[in-house]
Amino acid sequence: MLCFVNAKTSCRKFVLLTATALVTVTLAGCSTGTSKMTTGSIPKMSKPITEMNASELSRAAESVGKAYEKNPKDRQAGLNYANLLRMTGRNDQSLAVMQQVAIFHSSDREVLAAYGKSQAAAGQLQQALGTIQRAQTPDRPDWRLKSAEGAILDQLGRSDEARARYREALDLKPNEPSVMSNLGMSYLLARDLRTAETYLRSAAQQPGADSSVRQNLALAIGLQGRFAEAEQIARQELSAEQAEANVAYLRSMLSQQNSWKQLAQNDDNNTN
(Lines give C-alpha, C1' and ligand atoms only; values in the text may rest on other atoms or scores of the structure.)
Protein backbone atom coordinates (compact mmCIF):
# COMPACT_ATOMS: atom_id res chain seq x y z
CA MET A 1 0.00 0.00 0.00
CA LEU A 2 1.05 3.62 -0.23
CA CYS A 3 3.00 5.14 2.60
CA PHE A 4 2.01 8.78 3.00
CA VAL A 5 3.75 11.34 5.16
CA ASN A 6 2.66 14.40 7.11
CA ALA A 7 0.93 16.97 4.97
CA LYS A 8 3.54 19.57 5.92
CA THR A 9 6.24 17.60 4.12
CA SER A 10 7.41 19.20 0.89
CA CYS A 11 6.49 17.57 -2.40
CA ARG A 12 10.10 16.64 -3.16
CA LYS A 13 10.58 15.12 0.28
CA PHE A 14 7.27 13.34 -0.14
CA VAL A 15 8.48 11.69 -3.34
CA LEU A 16 11.77 10.72 -1.71
CA LEU A 17 10.02 9.21 1.30
CA THR A 18 7.62 7.33 -0.95
CA ALA A 19 10.53 5.83 -2.84
CA THR A 20 12.19 4.98 0.47
CA ALA A 21 9.06 3.12 1.48
CA LEU A 22 9.40 1.20 -1.76
CA VAL A 23 12.32 -0.76 -0.32
CA THR A 24 10.12 -2.47 2.21
CA VAL A 25 7.70 -3.42 -0.53
CA THR A 26 10.40 -4.48 -2.96
CA LEU A 27 12.51 -6.59 -0.67
CA ALA A 28 9.50 -8.34 0.75
CA GLY A 29 9.47 -10.33 -2.48
CA CYS A 30 12.79 -11.81 -1.49
CA SER A 31 11.33 -13.52 1.52
CA THR A 32 7.78 -14.53 2.26
CA GLY A 33 6.29 -11.43 0.69
CA THR A 34 4.17 -9.26 2.91
CA SER A 35 1.26 -9.24 0.52
CA LYS A 36 1.17 -13.05 0.36
CA MET A 37 1.49 -13.77 4.08
CA THR A 38 -1.94 -15.11 5.05
CA THR A 39 -3.53 -17.34 7.68
CA GLY A 40 -0.99 -20.09 7.17
CA SER A 41 1.81 -17.99 8.60
CA ILE A 42 -0.05 -15.65 10.98
CA PRO A 43 -1.79 -17.32 13.92
CA LYS A 44 -5.50 -16.63 14.27
CA MET A 45 -5.69 -14.16 11.39
CA SER A 46 -8.12 -14.46 8.51
CA LYS A 47 -6.80 -12.06 5.87
CA PRO A 48 -3.56 -10.87 4.21
CA ILE A 49 -1.59 -8.36 6.19
CA THR A 50 -1.89 -5.76 3.41
CA GLU A 51 -5.59 -5.59 4.29
CA MET A 52 -5.03 -5.17 8.04
CA ASN A 53 -5.35 -1.92 9.92
CA ALA A 54 -2.77 -0.80 12.49
CA SER A 55 -4.33 -2.61 15.44
CA GLU A 56 -4.66 -5.85 13.48
CA LEU A 57 -1.03 -5.66 12.40
CA SER A 58 0.01 -5.09 16.00
CA ARG A 59 -1.94 -8.14 17.15
CA ALA A 60 -0.48 -10.23 14.33
CA ALA A 61 3.05 -9.15 15.28
CA GLU A 62 2.39 -10.15 18.88
CA SER A 63 1.07 -13.59 17.87
CA VAL A 64 3.92 -14.33 15.47
CA GLY A 65 6.41 -12.92 17.97
CA LYS A 66 5.31 -15.42 20.59
CA ALA A 67 5.75 -18.27 18.13
CA TYR A 68 9.22 -16.99 17.26
CA GLU A 69 10.25 -16.63 20.90
CA LYS A 70 9.38 -20.29 21.50
CA ASN A 71 11.80 -21.32 18.76
CA PRO A 72 14.25 -18.62 17.60
CA LYS A 73 15.75 -21.11 15.13
CA ASP A 74 12.44 -21.29 13.25
CA ARG A 75 13.35 -19.68 9.94
CA GLN A 76 9.81 -18.96 8.75
CA ALA A 77 8.64 -17.55 12.07
CA GLY A 78 11.64 -15.23 12.11
CA LEU A 79 11.00 -14.01 8.57
CA ASN A 80 7.33 -13.41 9.25
CA TYR A 81 7.98 -11.67 12.55
CA ALA A 82 10.55 -9.34 10.97
CA ASN A 83 8.08 -8.48 8.18
CA LEU A 84 5.38 -7.57 10.67
CA LEU A 85 7.74 -5.54 12.81
CA ARG A 86 8.69 -3.51 9.74
CA MET A 87 5.05 -2.96 8.83
CA THR A 88 4.38 -1.59 12.31
CA GLY A 89 7.34 0.77 12.13
CA ARG A 90 9.62 -1.16 14.49
CA ASN A 91 12.59 -1.26 12.15
CA ASP A 92 15.25 -1.62 14.83
CA GLN A 93 13.46 -4.62 16.30
CA SER A 94 13.02 -6.12 12.86
CA LEU A 95 16.73 -5.78 12.23
CA ALA A 96 17.55 -7.44 15.56
CA VAL A 97 15.31 -10.39 14.70
CA MET A 98 16.87 -10.81 11.26
CA GLN A 99 20.38 -10.63 12.70
CA GLN A 100 19.49 -13.59 14.87
CA VAL A 101 17.84 -15.49 12.03
CA ALA A 102 20.88 -14.89 9.82
CA ILE A 103 23.15 -16.41 12.47
CA PHE A 104 21.22 -19.67 12.35
CA HIS A 105 20.76 -19.64 8.55
CA SER A 106 23.89 -17.91 7.32
CA SER A 107 23.92 -19.54 3.87
CA ASP A 108 20.20 -19.16 3.13
CA ARG A 109 19.76 -16.66 0.29
CA GLU A 110 16.18 -15.89 1.25
CA VAL A 111 17.25 -15.12 4.81
CA LEU A 112 20.14 -12.95 3.62
CA ALA A 113 17.78 -11.04 1.35
CA ALA A 114 15.35 -10.44 4.21
CA TYR A 115 18.28 -9.38 6.40
CA GLY A 116 19.25 -6.83 3.75
CA LYS A 117 15.66 -5.64 3.73
CA SER A 118 15.75 -5.01 7.47
CA GLN A 119 19.07 -3.20 7.19
CA ALA A 120 17.64 -0.94 4.48
CA ALA A 121 14.51 -0.21 6.50
CA ALA A 122 16.72 0.75 9.45
CA GLY A 123 18.68 3.15 7.26
CA GLN A 124 21.79 0.98 6.89
CA LEU A 125 21.81 1.24 3.11
CA GLN A 126 25.43 0.42 2.38
CA GLN A 127 25.33 -2.59 4.69
CA ALA A 128 22.06 -3.69 3.07
CA LEU A 129 23.59 -3.44 -0.38
CA GLY A 130 26.52 -5.60 0.69
CA THR A 131 24.21 -8.21 2.22
CA ILE A 132 22.06 -8.43 -0.90
CA GLN A 133 25.11 -8.69 -3.15
CA ARG A 134 26.53 -11.49 -1.01
CA ALA A 135 23.25 -13.36 -1.29
CA GLN A 136 23.49 -13.30 -5.10
CA THR A 137 25.49 -15.97 -6.93
CA PRO A 138 26.71 -15.45 -10.54
CA ASP A 139 25.89 -19.00 -11.59
CA ARG A 140 22.35 -18.83 -10.22
CA PRO A 141 21.18 -15.19 -10.44
CA ASP A 142 17.94 -14.44 -8.63
CA TRP A 143 15.57 -11.85 -10.09
CA ARG A 144 14.28 -10.98 -6.62
CA LEU A 145 17.75 -10.08 -5.44
CA LYS A 146 18.38 -8.02 -8.58
CA SER A 147 15.21 -6.07 -7.90
CA ALA A 148 16.07 -5.69 -4.21
CA GLU A 149 19.50 -4.36 -5.11
CA GLY A 150 17.88 -1.88 -7.47
CA ALA A 151 15.62 -0.57 -4.72
CA ILE A 152 18.58 0.08 -2.43
CA LEU A 153 20.56 1.73 -5.22
CA ASP A 154 17.59 4.02 -5.85
CA GLN A 155 17.71 5.11 -2.23
CA LEU A 156 21.42 5.76 -2.55
CA GLY A 157 20.73 8.06 -5.50
CA ARG A 158 22.30 5.71 -8.04
CA SER A 159 19.26 5.60 -10.30
CA ASP A 160 21.00 4.49 -13.50
CA GLU A 161 22.49 1.48 -11.72
CA ALA A 162 19.15 0.79 -10.07
CA ARG A 163 17.30 0.68 -13.36
CA ALA A 164 19.96 -1.57 -14.83
CA ARG A 165 19.30 -4.03 -12.00
CA TYR A 166 15.56 -3.88 -12.56
CA ARG A 167 16.05 -4.64 -16.25
CA GLU A 168 18.37 -7.52 -15.41
CA ALA A 169 15.63 -8.82 -13.12
CA LEU A 170 13.11 -8.54 -15.95
CA ASP A 171 15.44 -10.47 -18.23
CA LEU A 172 15.32 -13.27 -15.68
CA LYS A 173 11.60 -12.90 -14.96
CA PRO A 174 9.85 -11.15 -17.89
CA ASN A 175 6.78 -9.04 -17.07
CA GLU A 176 7.14 -9.59 -13.33
CA PRO A 177 4.76 -6.96 -11.89
CA SER A 178 6.74 -6.23 -8.73
CA VAL A 179 9.88 -5.45 -10.73
CA MET A 180 7.99 -3.35 -13.26
CA SER A 181 6.45 -1.49 -10.36
CA ASN A 182 9.87 -0.84 -8.86
CA LEU A 183 11.12 0.45 -12.18
CA GLY A 184 8.14 2.77 -12.38
CA MET A 185 8.77 4.04 -8.87
CA SER A 186 12.38 4.70 -9.80
CA TYR A 187 11.15 7.06 -12.49
CA LEU A 188 8.70 8.60 -10.04
CA LEU A 189 11.60 9.38 -7.73
CA ALA A 190 13.29 11.12 -10.66
CA ARG A 191 10.08 13.12 -11.25
CA ASP A 192 9.53 11.52 -14.66
CA LEU A 193 5.87 10.93 -13.91
CA ARG A 194 4.74 9.95 -17.39
CA THR A 195 7.32 7.19 -17.68
CA ALA A 196 6.52 6.12 -14.13
CA GLU A 197 2.84 5.82 -14.98
CA THR A 198 3.61 3.81 -18.12
CA TYR A 199 5.56 1.18 -16.22
CA LEU A 200 3.15 1.12 -13.29
CA ARG A 201 0.09 0.79 -15.49
CA SER A 202 1.73 -2.08 -17.35
CA ALA A 203 2.68 -3.69 -14.04
CA ALA A 204 -0.86 -3.39 -12.73
CA GLN A 205 -2.18 -5.22 -15.81
CA GLN A 206 0.06 -8.25 -15.30
CA PRO A 207 -1.32 -11.47 -13.77
CA GLY A 208 -0.31 -11.68 -10.16
CA ALA A 209 -0.03 -7.92 -9.60
CA ASP A 210 -0.91 -7.23 -5.99
CA SER A 211 -2.48 -4.28 -4.23
CA SER A 212 0.82 -2.47 -3.67
CA VAL A 213 1.41 -2.28 -7.44
CA ARG A 214 -1.97 -0.67 -8.06
CA GLN A 215 -1.51 1.69 -5.13
CA ASN A 216 1.79 2.82 -6.62
CA LEU A 217 -0.07 3.47 -9.88
CA ALA A 218 -2.63 5.53 -7.96
CA LEU A 219 0.21 7.59 -6.51
CA ALA A 220 1.77 8.28 -9.91
CA ILE A 221 -1.59 9.33 -11.31
CA GLY A 222 -2.40 11.49 -8.30
CA LEU A 223 0.95 13.26 -8.51
CA GLN A 224 -0.05 14.40 -12.00
CA GLY A 225 -3.17 16.03 -10.59
CA ARG A 226 -5.65 13.39 -11.80
CA PHE A 227 -6.96 12.94 -8.33
CA ALA A 228 -10.38 11.45 -9.11
CA GLU A 229 -8.76 8.63 -11.07
CA ALA A 230 -6.18 8.06 -8.34
CA GLU A 231 -8.85 8.00 -5.66
CA GLN A 232 -10.90 5.48 -7.60
CA ILE A 233 -7.92 3.12 -7.82
CA ALA A 234 -7.04 3.61 -4.15
CA ARG A 235 -10.53 2.88 -2.95
CA GLN A 236 -10.71 -0.35 -4.94
CA GLU A 237 -7.64 -1.80 -3.28
CA LEU A 238 -7.91 -0.86 0.38
CA SER A 239 -10.30 -1.19 3.25
CA ALA A 240 -12.54 1.82 3.82
CA GLU A 241 -10.36 2.92 6.75
CA GLN A 242 -7.10 2.62 4.83
CA ALA A 243 -8.53 4.27 1.72
CA GLU A 244 -9.84 7.24 3.69
CA ALA A 245 -6.46 7.74 5.38
CA ASN A 246 -4.56 7.68 2.09
CA VAL A 247 -7.08 9.87 0.31
CA ALA A 248 -6.89 12.43 3.13
CA TYR A 249 -3.12 12.67 2.72
CA LEU A 250 -3.46 12.94 -1.04
CA ARG A 251 -5.86 15.85 -0.63
CA SER A 252 -3.53 17.53 1.85
CA MET A 253 -0.61 17.24 -0.56
CA LEU A 254 -2.66 18.62 -3.44
CA SER A 255 -3.61 21.67 -1.39
CA GLN A 256 0.00 22.70 -0.80
CA GLN A 257 1.24 25.48 -3.03
CA ASN A 258 0.33 23.61 -6.21
CA SER A 259 3.35 21.41 -5.53
CA TRP A 260 1.96 18.45 -7.46
CA LYS A 261 1.23 20.69 -10.45
CA GLN A 262 4.80 21.94 -10.26
CA LEU A 263 6.00 18.35 -10.23
CA ALA A 264 3.92 17.62 -13.30
CA GLN A 265 5.36 20.74 -14.97
CA ASN A 266 8.85 19.44 -14.24
CA ASP A 267 7.82 16.21 -15.91
CA ASP A 268 6.67 18.14 -19.00
CA ASN A 269 9.99 19.95 -19.13
CA ASN A 270 11.89 16.67 -18.86
CA THR A 271 10.05 15.14 -21.79
CA ASN A 272 10.25 18.15 -24.12
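The side chain of Asp108 reaches the backbone nitrogen of Val111 at 3.1 Å, a polar contact in the sense of a pair of N or O atoms within 3.5 Å, where within protein one atom must be able to donate a hydrogen and the other to accept it, and residues adjacent in sequence count only if both atoms are side-chain atoms. The model is predicted: local features need pLDDT of at least 70 and side-chain atom pairs count only at pLDDT 80 or more, while totals for chains, interfaces and linings use all residues. Residues are numbered from 1 along each chain as its sequence is written, and side-chain values use heavy atoms, with hydrogens and water left out.

**Asp108 and the start of H5**

Asp108 is located in the loop between helix H4 (91-104) and H5; helices (H or I, at least four residues) and strands (E, at least two) are DSSP runs, numbered from the N terminus. At the start of H5, a side-chain oxygen of Asp108 also comes to within 2.9 Å of the backbone nitrogen of Glu110.

| Side chain | Partner side chain | Distance |
|---|---|---|
| Asp108 | Arg75 | 2.7 Å |
| Gln119 | Thr131 | 2.6 Å |

The 13 residues of H5 should span 18 Å at 1.5 Å a residue, and the end C-alpha atoms are 18 Å apart, which agrees; the expected span is 1.5 Å times one less than the number of residues. H5 is mostly covered, with twelve of its 13 residues buried. Buried means under 20% relative accessible area, exposed over 50%, and partly exposed in between (1.4 Å probe, protein chains only). Just after H5, Gly123 takes a positive phi of about 90 degrees.

Gln119, a residue of helix H5, counts as buried because its relative accessibility is 6%. Not counting residues up to four places away in sequence, Gln119 touches Leu95, Gln124, Gln127, Ala128 and Thr131, contact being defined as heavy atoms within 4.5 Å. One of these, Ala128, lies in helix H6 and has 0% relative accessibility, so that Ala128 counts as buried. With neighbours within four places in sequence left aside, Ala128 is in contact with Gly116, Gln119, Ala120 and Ile152. The C-alpha atoms of Ala128 and Ala114, which are 14 residues apart along the chain, are separated by 9.6 Å.

**Overall architecture and cores**

The protein has 14 helices and zero strands. Of its 272 residues, 52% are buried. Among contacts between residues at least 6 apart in sequence, 54% join residues at least 24 apart. The accessible surface comes to about 12200 Å², and 47% of it belongs to carbon and sulfur atoms; areas come from the Shrake-Rupley method with a 1.4 Å probe, and for residues only the protein chains shown count as cover.

The largest nonpolar core has 39 residues, and those with the most contacts inside it are Ile132, Ile152, Tyr166, Val179, Leu188 and Leu217. Such a core is a set of buried Ala, Val, Leu, Ile, Met, Phe, Trp, Tyr and Cys residues joined through side-chain atoms within 4.5 Å. At least two residues of this core come from each of several helices, among them H5 (109-121), H6 (125-135) and H11 (211-223). H11 supplies the largest share, seven residues. Leu217 is in contact with Glu197, Leu200, Arg201, Ala204 and Ile233, leaving aside neighbours within four places in sequence. A second, separate core of 21 residues includes Leu79, Leu84, Val101 and Ala102.

In H10, twelve residues should span 16 Å at 1.5 Å a residue, in agreement with the 16 Å between its end C-alpha atoms. Its buried residues are Leu193, Ala196, Glu197, Leu200, Ala203 and Ala204. These cover an arc of only 130 degrees around the axis, which puts them on the same side of H10; the arc is that of the directions from the helix axis to the C-beta atoms.

Most residues other than glycine have a negative phi. Asn175, in the loop between H8 and H9, has a positive phi of about 65 degrees although it is not a glycine. Arg191, in the loop between H9 and H10, likewise has a positive phi, near 70 degrees. Asn175 counts as partly exposed at 47% relative accessibility, and Arg191 is partly exposed with a relative accessible area of 25%.
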